[in-house]
Amino acid sequence: MTWIVKNLWLIPVLPMLAAGLSALAPQRCRRFSATLAIGSMVVSFLLSLCAFAHTLKQCGHEAAKEVFNFEWLRFAAGDAGILKLGWVIDPLTAVMLVMVTFVGLLIFIYSLGYMAHDENFTRFFTFLSLFAGAMLGVVIANSLLLLFISWELVGLTSYLLIGFWYHKPSAAAAAKKAFIVTRIGDLGLLLGMVWLYSKTGTLLFYDNGTGCLETSTLAKAFPFDDFGFIPLLGIALLIFIGTMGKSGQFPLHVWLPDAMEGPTPVSALIHAATMVAAGVFLVARVFALMKPDWSAMAGPHTLVSLPPPDATVVITWIGAITAVFAALIAVAQNDIKRILAYSTISQLGYMMLGLGVGGVAVGMFHLITHAFFKALLFMGAGSVIHGCHEDQDIRHMGGLRKSMPVTFATYAVGMMALSGVPIFFSGFWSKDEILHAAHGWSVSRGPFYLGVFGALLTAFYMTRQVCYVFFGNARNSRRKEAHSNAECGVRSAESKLETPHVVSYKENGAPHESPAVMTVPLVVLAAFAIVLGFIGTPVWPWFQEYLSGQPATFDFGKLFQWEILSLLLLSSVVVAVGIVAGLWFYWLTPVGKAAEADALERVRPDVFGVLREKFFVDEIYEATVVRFNVWWAWVCDWLDRWVWDGAVRLISHLVLGLSWLNRFIDEFVVNLGFDEGCRRISRGGGLLSRLQNGQVQNYLRVIGVALVALVLFLIWGGGK
Amino acid sequence: MNGIPLITALTFTPLIGAVVLAAMNFQNKELVRRLALGFGIVSLLTAGLVWKLFDPASVELQFVERHAWIPTLGVDYFVGVDGLGLLLVLLTAIVTPMAILVSWKIEKNVSIYFSLVLFLQAGLFGTFTAMNFFHWFIFWELSLVPAFFLIKLWGGPQRSPAATQFFIYTMAGSVAMLLAFLGIYLATGTFDFIRLAELARTGELASALNAKLGWYGLTREQLPLVIFAGVFLGLAVKVPLIPFHTWLPTTYAEAPTATTMLLTGVMSKMGVYGFLRLLLPLFPEQMRMILTPLLWLAVITIIFSASAAFAQKDLKRMLAYSSINHLGYCLLGIFAVAKFTGNDAVLATEKAAALNGVFLQMFNHGLTAATLFMFVGFLEQRSGGLRGLNDFGGLRKIAPVFCGLMGIALFSSLGLPGLNGFVGEFLIFKGVFPLAPWAAGLSVIGLLVTAIFILTVLQRVFNGPLNEKWSNLPDLTLTERALVVAPIVPMFVLGLWPRLVLDVITPTVVRMVEQLRF
């Protein structure tokens, strides 16, 4: 076992340590915190490169997966009672490690500029480092449990960073929403995990043949008979629910647009490049569960003519629907970050679609290229927002290409990569892979058509956005306002609620280019958004072969096979149509005023309205799920107050009533009778006692009287 | 370690402290506080010593002391600890000094107050170490008395009815349990837990009950079930299990902070402890007979209490319901473990996982809930008694340390991985799922609702614009920081390295599971 395999844990732990240290540091230690975060990220990046190099060296060998497992806890006797965690190094891990640390590092550097004036700068880097550590933990985990632990920590940091400007009620609400919606998915994942654990007896992915993803274990746990596939399908779908939450798949996508309340570097890092892709990564990691290899599991003696249904059908459809659904919404949004957010959802849908129809390599390729160009777009958007004094509404922008040339150039690269402009941009190649796989899907042609339609929409809405932001005339109404406010020296209470660096920024009114610390990362990412495409073309599918552990071959002729070429041409045409349509609507007749209705709105106001309102999904949830939850809580509370407690009170009142009755009987029946009897006796006694008053004269008198009476009695003859 | 009666020392240290403080009735308040803390720390050190000397490899009861007490009744002074008892002794020893420190500012009848706290601690130690029903029951009831007075004399505005309800309700449960045990005693002639468990395993308990107590023509199955129901009622009230829980929210809300910490941190564990020590070993058959209703009760407890917590506007009441919810997972685990699985080794492993989870959850909940109530206490001190969900807002701006640390405790309560709460819940679900999939599946709803109301607390109290009313609210002082960091450190340690506790309790768990198979 080489050094890097043994010490892979350093990659996530270093940023976590940095986070721990800077959490203890006081707010004023800005430099300390930033240095620590960036320093740890640099080291992690270098280590990731080592890991990457290691897998390159291993490429083509049998032992493509190297693991290091250790005992975490022990809950019962014997081997079955040992719970192990561990990490794995394989191409999938390595490529994610490099991507996360590299993009992360660039975004950390960018944040130096973007967050420079924020009073909670130190906390920001604490949370960012914690995020990076947790995300890297997800990547290296060789145990579903360790993955789940890191996964939840990623969710926590996402919560903390969305709510970073916690004084804004919208940010606080968005953070809560993000955590809860993803938690719904996570509970599915938790159930899937314990189910898998109970079936296979291990949560380690790979463990020399006994890991839960390895054929021998799967074959033992899920026998190939009539119903053997059902638990496996159930587990796979439960895990997929977890990934739907994290990766914003329909219908659990609602948190991701709201998550744009966080600072823009956070949107770039967490809600575009890395965390939201963790769901896709998880599906890729446990692909053996999602699409079990039944013929291998059933053994050589069983003929598997028709493999039982597996989860990829669901994954494919959900992915395809998400891709188109979110792209449709993106067409009608006006917030620069929300457009990108819906675009992210849509692209995540593509990745899921790719995984479903084409397997790990197809989905992962798009994940990697998307991470670069979407981070680029978000950071470009951040630069725009920064230059426009925190205004995010594209209707207020316009003509920025002159004042922000670097941002414009890099943004254009990102836009073309995302739209899938042919040949020179990475998005073209990775999206084409997906469409190609969808075209060959045996179950249905539906996802392919959805994918093509989504590609058209993507090109269209990105063109619309770029036209709005960078072309046309400047419609900077809000900036003029800010400008006049600054001149008067008046700052309304509202602007205090805005992000802190509005206040500190020099407000000269005109949009301006961002400082180098922000633009240099943009340029680097733009370069990668172009070149990354060339590692996965049909001519030289190095990336795909690398993931499956085979050496890639260079075959120029593939490009001219009709099957491949036709699809390449088709997607080129689709992209061209989308871009031309976008230009037709938004460039030929430039947007005049900010208040002006959208060009599409003028054509079909009803459709546009539905899209602008995001198909009313939030409202539907508000009216059903949220309201039900509040009602249900009220019912529980009511039951508690009136039924359970009511029963107790009833009993206590019954007891009280009983004791009152008891007292009544005691006092008025028993006591009264008794008392009356007593009173009479005592009265009688009193009367009698008068007889015995101790006066001898009285006694003598009585004796005298009695004697006389006796004598008279005897005289009358009573004594006969 | 047969030479030193450590367990006796453990129980009698706070008892002596209580007597000293009550009898002397010192006027010097500072002296009283220091003395009380001193006794608390001595107890903590003793408990630490027991922990250190405890041999985790052995499954037997350790530090056993056995002396004849009332030979005619078969009552022994019989104490000792296994993994379960040790864990709870340690929890008591940790929470009590925290409670004492939190009460530092109490000015009314200081001497009596601390005497009662120590008295309560002694009752708890006694309950967790006694191995004879007679002896155990004395401590069980004894712990009620100081709790009653602590609520009645130092509580909130509604303290008097709350205290009465608390006392009578739990007393009623205890009476049922006492009657049941008298029946058991009449049938078997022993109060010894270990002996009774043996009798239950061999089936003699049920036959003895039937032979000696032929009540009203109850059948062979019904009679033990009635006895079981008596014990069950006593324990279900204490935990509590819905619908026997209505005393709890009021009591927790009205009790002074330190008492709530002790109530939720330790006293609520008495019920769960009883389930593990009495019900599971003595009545596994009966639990199996009504397993499905029992599981439903646990599931209902989990879901209802979480949802009810979401409806609360008072932080203390909310945490009270959250406490019910967390202990619901413990009961879920215990009931699932009672399921008859024969000699299936795989399921035995699952049972061990669930029981380990239950043990961990008890400890973790004790730590976390006590810490959370402590935070609410600090908040009340600063706000002059206000603790409504909507009374604050944006506190993060002026009290970042307070919010950060309380946030950690809240996330621990939510079951965030990396903190202590997760490990217990994971093991419970891991164990329960194969035993009762539907119950585990439904119970995750509780996890979700817990997340919702905890995040609502964070949103309403800490986030949003600062409520100007509190713009001068002070952050935690250095002493307070030390006080809250003390339990937060173990939250991290147990979350990352749960073996620290698991290695000690696992042998006990494995043995319990083995004995269940008969």
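Two residues count as in contact if their C-beta atoms, placed from the backbone, lie within 7 Å. By that rule, 44 residues of chain B are in contact with 40 residues of chain A. This is a predicted model, in which local features need pLDDT of at least 70, side-chain atom pairs count only at pLDDT 80 or more, and totals for chains, interfaces and linings use all residues. Residues are numbered from 1 along each chain as its sequence is written, while chains are lettered from A and ligands numbered from 1 in the order in which they are written.

**Where chain B touches chain A**
- The most comes from α20(B), with eight residues.
- By class, this side has 27 nonpolar, 11 polar and six charged residues (Ala, Val, Leu, Ile, Met, Phe, Trp, Tyr, Cys and Pro are nonpolar; Asp, Glu, Lys and Arg are charged; the others, Gly among them, are polar).

**A helix pair in chain A**
- Helices α3 (residues 30–58) and α5 (residues 121–140) of chain A pack at about 20°, with their axes 8 Å apart; axes are lines fitted to C-alpha atoms over the stretch in contact, and angles run from 0 to 180 degrees between N-to-C directions.
- α3(A) and α5(A) are therefore roughly parallel (an angle under 35 degrees).
- Among the residues of α3(A) that meet α5(A) are Arg30(A), Ala37(A) and Met41(A), and the α5(A) side includes Phe121(A), Phe125(A) and Leu136(A).
- The residues of this contact divide into eight nonpolar, six polar and one charged.

**An enclosed helix**
- In helix α11 (residues 264–273) of chain A, 10 of the 10 residues are buried, so α11(A) is largely enclosed by the rest of the structure; buried means that 20 or more other C-beta atoms, placed from the backbone, lie within 10 Å of the residue's own.
- Pro265(A), Leu269(A) and His271(A) are among the buried residues.

Conventions
Helix = DSSP H or I, 4+ residues; strand = E, 2+ residues; numbered from the N terminus. Parallel < 35°, antiparallel > 145°, perpendicular 65-115°, else oblique. Buried ≥ 20, exposed ≤ 12 C-beta atoms within 10 Å, placed from the backbone.
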